Amino acid sequence: MMTNHASDELRPFGESVAFMLSILGTIETQSFRALMTSLSLEPRSFGVLRVLAEVGPLTQHRLSELAHVPASTLVALLDDLETGGLITRCPHPGDRRAHQVLLTTQGREVIDRATALAWRHEEAITAGFSSAERQGLLAALSRILQNLNDQ
């Protein structure tokens with residue numbers, strides 16, 4: 001059971017990691033969405049294509065896990081990506097009950113352009129960070145992600 005302490009209630013929200021992550025997440029989502037709009041992609045679509053580009057063909061179930069997109073949402077995303085010619089789905093060669101998702105040539109071209117935009121964006125939002133500071137931030141954020149996954 002959590003106990004409220006007077007000192008906890010008086011601390012400014014600017015000292016709260018959770019609050020700062022929430023604010024940054026909202027702002028970054030809006031910024032990244034605007035960036036990806038130039039390529040007619042949504043942030044989640046970028047994530048799905050990025051996983052396929054890095055890992056290769058995957059079952060829809062595994063893609064859902066790796067892209068952190070709920071299976072119920074993934075189907076609609078894949079429908080849109082397939083309609084746009086960026087992915088294709090076919091029966092999995094080792095499991096006739098599963099579908100395998102693959103990038104098309106057009107999908108590879110789009111994700112390559114999107115990734116270049118994303119890295120330029122990354123450089124802009126981490127401007128002024130040394131390499132060590134950037135690596136430290138990534139390590140801290142990874143630890144927070146792990147803590148959240150462990151809850």
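**Salt bridges, a pocket and a nonpolar patch**

Let's start with Arg89, which forms a salt bridge with Glu82, the closest N and O atoms being 2.8 Å apart; the term stands for a side-chain nitrogen of Lys or Arg within 4 Å of a carboxyl oxygen of Asp or Glu. This is a predicted model, in which local features need pLDDT of at least 70 and side-chain atom pairs pLDDT 80 or more, while totals for chains, interfaces and linings use all residues. Residues are numbered from 1 along each chain, and side-chain values use heavy atoms, without hydrogens or water.

Glu82 is found in helix H5 (helices, H or I of at least four residues, and strands, E of at least two, are DSSP runs numbered from the N terminus). At 30% relative accessibility, Glu82 is partly exposed, because that class lies between buried, under 20%, and exposed, over 50%, with a 1.4 Å probe and protein chains only. If you look from Glu82 towards Gly107, the two are 25 residues apart in sequence, and their C-alpha atoms are 9.3 Å apart in space.

Arg89 has another partner to find. Asp79 also forms a salt bridge with Arg89, and here the closest N and O atoms are 2.5 Å apart. Asp79 lies in helix H5 (residues 71-83) and Arg89 in strand S2 (residues 87-92), so this pair ties together parts that are 10 residues apart in sequence. Asp79 itself is partly exposed, at 35% relative accessibility.

Another pair to look for is Arg97 and Asp95, whose salt bridge has its closest N and O atoms 3.2 Å apart. Arg97 is exposed, with a relative accessible area of 74%, and Asp95 is partly exposed at 25%. Through shared partners, salt bridges join Asp79, Glu82 and Arg89 into one network. The count of salt bridges comes to seven.

The largest pocket holds about 1700 Å³; a pocket is an open set of points on a 1 Å grid where a 1.4 Å probe fits, with protein on both sides within 12 Å along at least five of seven lines, and lining residues have an atom within 4 Å of a point. Its lining has 35 residues, and Glu28, Glu122, Ile125, Leu138 and Leu141 lie nearest the centre. H2, helix H3 (43-55), helix H6 (105-125) and H7 are the elements that each give two or more residues to this lining. H2 provides the largest share, with 10 residues. Sorted by class, the lining has 19 nonpolar, eight polar and eight charged residues.

Together with Val17, Leu21, Phe129 and Leu137, Leu141 makes a nonpolar surface patch of about 390 Å² (residues with over 30% relative accessible area and no salt bridge, nonpolar side chains being joined within 5 Å). Helix H2 (17-37) and helix H7 (131-150) each supply at least two of the patch residues. Leu21 has its place in helix H2 and is partly exposed, with a relative accessible area of 31%.

Finally, a look at the backbone. Most residues other than glycine have a negative phi. Ser40, though not a glycine, has a positive phi of about 60°. You will find Ser40 in the loop between H2 and H3, where it is exposed, with a relative accessible area of 71%. His68 also has a positive phi, near 55°. His68 sits in the loop between helix H4 (60-67) and H5, and it is exposed at 61%.

Methods:
Patches are made of residues with over 30% relative accessible area and no salt bridge: like charges are joined within 9 Å, nonpolar side chains (Val, Leu, Ile, Met, Phe, Trp, Tyr) within 5 Å. Accessible areas come from the Shrake-Rupley method with a 1.4 Å probe; for residues, only the protein chains shown count as cover. Grid points are joined across faces, edges and corners, and a volume is the space filled by probe spheres set on the points. Ala, Val, Leu, Ile, Met, Phe, Trp, Tyr, Cys and Pro count as nonpolar, Asp, Glu, Lys and Arg as charged, and the others, Gly among them, as polar.
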